[in-house]
Amino acid sequence: MTAWPAAPGGEQTDAGLYGTWCSWHQGAARSRPVQVIERGLGAGGTLYACLPCRIKHKLEAIPTAAAWAALLDHLGGTADTPPCVSCNRFERCREGSILWEDWRRQRKADRS
């Protein structure tokens, strides 16, 4: 079991899930997902870490890594799409602004 029962109403915030289990210090804490287990015979699962454990073990939350990857794909382009010209100059396009804001929000959530 990776998570304790959620708060009344199933509260979830950007800062983490209320009452999740930190897989590193083995205790209940406000945690964020840091690793997905997809190998083996079982159904898999997700490992969560609280802020002190993320700092101590240099772990990055999955939502933050995903937001950064999406932003880099937008700025640098991929094999299918060219780089965003607007974002690579002095201003940002609408999509770039949304991606930057999502990444900033996830970074802020990592610090709380």
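Which residue just after α2 takes a positive phi? Gly77 does, with a phi of about 80 degrees.

This is a predicted model, in which local features need pLDDT of at least 70 and side-chain atom pairs count only at pLDDT 80 or more, whereas totals for chains, interfaces and linings use all residues. Residues are numbered from 1 along each chain as its sequence is written, and side-chain values use heavy atoms, with hydrogens and water left out.

The protein chain holds three helices and four strands, which from the N terminus on follow the order β-β-β-β-α-α-α; helices (H or I, at least four residues) and strands (E, at least two) are DSSP runs, numbered from the N terminus.

Helix α2 takes in residues 62-76, and its 15 residues reach 21 Å from the first C-alpha to the last, close to the 21 Å expected at 1.5 Å a residue, where the expected span is 1.5 Å times one less than the number of residues. Within α2, Thr64, Ala67, Leu71, His74 and Leu75 are buried, that is, under 20% relative accessible area with a 1.4 Å probe, counting protein chains only. These residues lie on the same side of α2 because they cover an arc of only 95 degrees around the axis, the arc being that of the directions from the helix axis to the C-beta atoms. Their cover includes β3 (27-37) and α3 (94-110).

For the protein chain as a whole, 31% of the 112 residues count as buried. Among contacts (heavy atoms within 4.5 Å) between residues at least 6 apart in sequence, 43% join residues at least 24 apart.

How values were computed
Buried < 20%, exposed > 50% of the residue type's maximum accessible area, 1.4 Å probe, protein only.
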